[in-house]
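Subject: Handover of a structure, with findings

Dear colleague,

Please find the structure below, together with its sequence. I would be grateful if you could read the notes that follow alongside it.

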Amino acid sequence: MLDATRSPLHPAARETLLAALEAGWADPRRLHADGRRARLLLDRARESIAASLGVREDELSFHPSAEHALRVGVAGLRHGRRRAGARLVTSAVDRAVLLHEAHDADPSSTPLQVDSLGRLQPESLRFALGEEPRVAAVMLQQANGEVGTMQPLEELFSVCRAAHLPLLVDGTSSLGRVEPPTDFDVLVGDASTVAGPPLGVLVVRTGTRFDPPGPRWEPEHGREPADPWVPLALAAAEAWQQAAHTQQHEAASASALVERIRRAAASVTDVDVVGDPLERLPHVVTFSALYVDGESIVDALDRRGITVTSGSACTSSRLEPSHVLAAMGALTHGNVRVTLPLEAVAPERERDVEALCDALPEVIGELRDRLGVSDL
């Protein structure tokens, strides 16, 4: 398995989930003993994840999904700063949900362009903020989940600070795999990134002007109409804690395997490996093969028992060209993305990487032969 945008639960998270079905099933707002126990367990889950991210417990809320958490984060910033402006600034390689939110706020605005590695330059952001009137917030990713490129958040945050604008950081592809950022006003993560359940996490720094529109709910600091299911929150906390304990080893191991894939792909004629080769996520790599389509490569590899994916990690599963690769000026067809699972859920991943590297030249060659383009 080399496609871990969603992976099996971490064994420790699975055990926690099963145990929590007995201990934490109750409504944490009830005053009876079972409800009080559920509340205590929910508070412990929040405390654990907050500690892993280096934030305060009262800054962190749970949400049904990462996408939902992103939308709540954007809505809170947008409504809280509605008198300052309406526009939302993001980059051309950010997740589709953020691009849609920016377009919804102002259909005339365009995402900021990035360089060939997928990086937004601080000077580009500074220039855009000087040109854009009435901006409410800036929304940027910590790292791209498709090509792995890390963004220079410290410098970008400084630009936002100088412009007196809040920065929402999308960490849904990175939190738990690399060190969490410290330069943000709002931060969003996804427990499935660390082999937990698909539970969204939203952090709003104390002092940030944040005011979700609509009714003032009681659960989750007023950000949700209902509390999360406690067993899911506990499983997410356990997965995050396990990832924090093994992060350095995991990053080194995954990075070495990704480097092996990068070299193998680059050795095939007319195959481009994209993304920053150094400042990148340790577990993500994408490459594009000229003349063939990515779905054919994925299908051929799948028949050999090798699971990878194609298309954009930032949109849905529809077979559309990657807007990330298009923004980088890279090939938008023939692309293959590898997202390594954690070693704890895929102890055979090194074997799978070797199988992928061995199969690539033959698979791409056979597909090109069928199209009659092998000698071009």
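The notes below cover helix packing, salt bridges and one histidine.

The model is predicted, so local features need pLDDT of at least 70 and side-chain atom pairs count only at pLDDT 80 or more, while totals for chains, interfaces and linings use all residues. Residues are numbered from 1 along each chain as its sequence is written, and side-chain values use heavy atoms, with hydrogens and water left out.

Helix packing

Two packed helices are described by the angle between their axes and the distance between the axes. Axes here are lines fitted to C-alpha atoms, for helices over the stretch in contact, and angles run from 0 to 180 degrees between N-to-C directions. Helices (H or I, at least four residues) and strands (E, at least two) are DSSP runs, numbered from the N terminus.

Helix α1 (residues 11-23) packs against helix α7 (residues 230-266) at an angle of about 155 degrees, and their axes are 8 Å apart. That makes α1 roughly antiparallel to α7; angles over 145 degrees count as roughly antiparallel, under 35 as roughly parallel, 65 to 115 as roughly perpendicular and the rest as oblique. The crossing of α1 and α7 is right-handed, a term for a near helix turned clockwise from the far one by less than a right angle, anticlockwise being left-handed. On the α1 side, A12, A13, T16, L17, A20 and L21 meet P231, L232, L234, A235, E238, A239 and Q242 of α7, where contact means heavy atoms within 4.5 Å. The residues of this contact divide into 10 nonpolar, 2 polar and 1 charged (Ala, Val, Leu, Ile, Met, Phe, Trp, Tyr, Cys and Pro count as nonpolar, Asp, Glu, Lys and Arg as charged, and the others, Gly among them, as polar).

For α8 and α10, the axes come within 10 Å and cross at roughly 125 degrees; the two helices are therefore oblique to each other. Their crossing is right-handed. S296, I297, A300, L301 and R303 in α8 meet L356, A359, V363, I364, L367 and R370 in α10, and the contact residues comprise 8 nonpolar, 1 polar and 2 charged.

Salt bridges

The structure holds 26 salt bridges, each defined as a side-chain nitrogen of Lys or Arg within 4 Å of a carboxyl oxygen of Asp or Glu.

One of them joins E259 and R280, at 3.5 Å from N to O. E259 lies in helix α7 and R280 in the loop between β7 (271-274) and β8 (284-289), so the pair ties together parts that are 21 residues apart in sequence. E259 is partly exposed at 29% relative accessible area, whereas R280 is buried at 10% (buried means under 20%, exposed over 50%, partly exposed in between, with a 1.4 Å probe and protein chains only).

R304 also pairs with E362, the closest N and O atoms being 3.3 Å apart. R304 lies in the loop between α8 (294-303) and α9 (323-328) and E362 in helix α10 (residues 349-371), so this pair links parts that are 58 residues apart in sequence. R304 is partly exposed at 39%, and E362 is partly exposed at 42%. Elsewhere, salt bridges that share partners join R29, R39, D43, E218 and D227 into one network.

A histidine in α7

H245 is placed in helix α7 and counts as exposed at 62% relative accessibility. H245 and G196 are 49 residues apart in sequence and 15 Å apart in space, C-alpha to C-alpha.

With kind regards
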